[in-house]
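Subject: Structure handover, salt bridges

Hello,

Here is the structure I said I would pass on. My notes on its charged side chains follow below.

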Amino acid sequence: MNPTRFAAVTAVLIGMLCHFQHVQAGIVTSTVVQSGTKVDYIGTASSIGQLPPMSERPGSASRIGTFDYEFVDLPGLFFLRARIRFWVQLPPEAIGELAPYLVFSPVLQGDSPDLDLELISGRAVKTDIRISFDLFPAGVGIVEKQIDFKDLTKEQSLKLSSILSNDPQQRVDVWLASDTLKAITVPKNVSYISVSTGLPTLVVKNLTSTLDLEFVPEPATSVMFGIGLSFALQRSWKEYRRRKGTSSKGAKERC
């Protein structure tokens with residue numbers, strides 16, 4: 001292989017790696033009607049076998065919604081960041097360390113799902129994404145909150161990937177949870193009186209939430225591809241040097 005051809009092969013292989021990274025990376029979005037499910041909650045401080053009855057748990061958790069996606073090669077993806085928009089009612093003290101946080105869990109059935117048990121068993125994962133009360137523009141009442149993308153840790157990413165991979169429809173429950181606050185609510189709908197037709201009419205409006213996930217190929221996948229690329233380049237270079245040496249030896253013998 002002459003130097004020009006070797007350079008061309010190298011460029012093609014590097015291009016393949018770049019293309020692989022490009023087509024796999026991206027952002028996925030899911031918008032659903034909010035759940036409205038609310039349960040008592042104690043958080044991750046308790047240990048399995050010592051969970052108090054629901055009515056004695058000091059905090060609360062509200063299911064924002066069950067989000068579904070359509071991934072290709074899901075187990076090989078690494079989730080970098082998450083962003084959410086939803087409607088919520090928060091008490092004024094929900095700020096700083098008291099602000100409720102997001103929890104990812106498998107889809108939980110029933111009227112009173114035990115989110116604490118899911119966290120303790122390792123099937124659910126608490127995130128560092130907190131939703132704070134703010135006087136403006138939120139104010140008091142049901143308000144729409146939207147946060148920008150927030151980083152996920154490696155553990156949170158792996159757990160989220162596991163939840164999605166183990167669900168046939170690639171679904172994940174997202175909860176807003178507080179270890180200490182009861183007065184947090186993620187409602188399913190709001191109702192109001194409309195007089196647009198001249199007569200008072202009760203209108204019920206469903207509220208929606210949107211979860212965006214940013215992902216890239218799982219690091220191990222990229223590393224393995226890079227190792228394969230390195231071996232291919234080494235073999236090409238050795239073959240080039242071998243042929244060059246053979247060619248030079250033949251030329252000397254002819255002389």
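The count of salt bridges comes to 11. This is a predicted model. As background, side chains of opposite charge can pair when their charged atoms come close.

Take D40 and K182 to begin with. Their side chains form a salt bridge, with 2.6 Å from N to O. D40 is partly exposed, at a relative accessible area of 26%. K182 is also partly exposed, at 34% relative accessibility.

Next is R57. Its side chain meets that of D114 in a salt bridge of 2.9 Å, N to O. D114 lies in the loop between β5 (101-105) and α2 (115-121), while R57 lies in the loop between β2 and β3 (59-68); the two are 57 residues apart. Are these residues buried or partly exposed? D114 has 23% relative accessibility and counts as partly exposed. R57 has 5% and counts as buried, because the cut-off for buried is under 20%.

R57 also forms a salt bridge with D116, at 2.7 Å from N to O. D116 belongs to helix α2 and R57 to the loop between β2 and β3, so this pair ties together parts 59 residues apart in sequence. Both D116 and R57 are buried. Through shared partners, the salt bridges join R57, D114 and D116 into one network.

Regards

Terms used: Residues numbered from 1 in each chain as written. Predicted model: local features only at pLDDT ≥ 70, side-chain atom pairs only at ≥ 80, totals over all residues. Heavy atoms only, no water. Salt bridge = Lys/Arg side-chain N within 4 Å of Asp/Glu carboxyl O. Buried < 20%, exposed > 50% of the residue type's maximum accessible area, 1.4 Å probe, protein only. Helix = DSSP H or I, 4+ residues; strand = E, 2+ residues; numbered from the N terminus.
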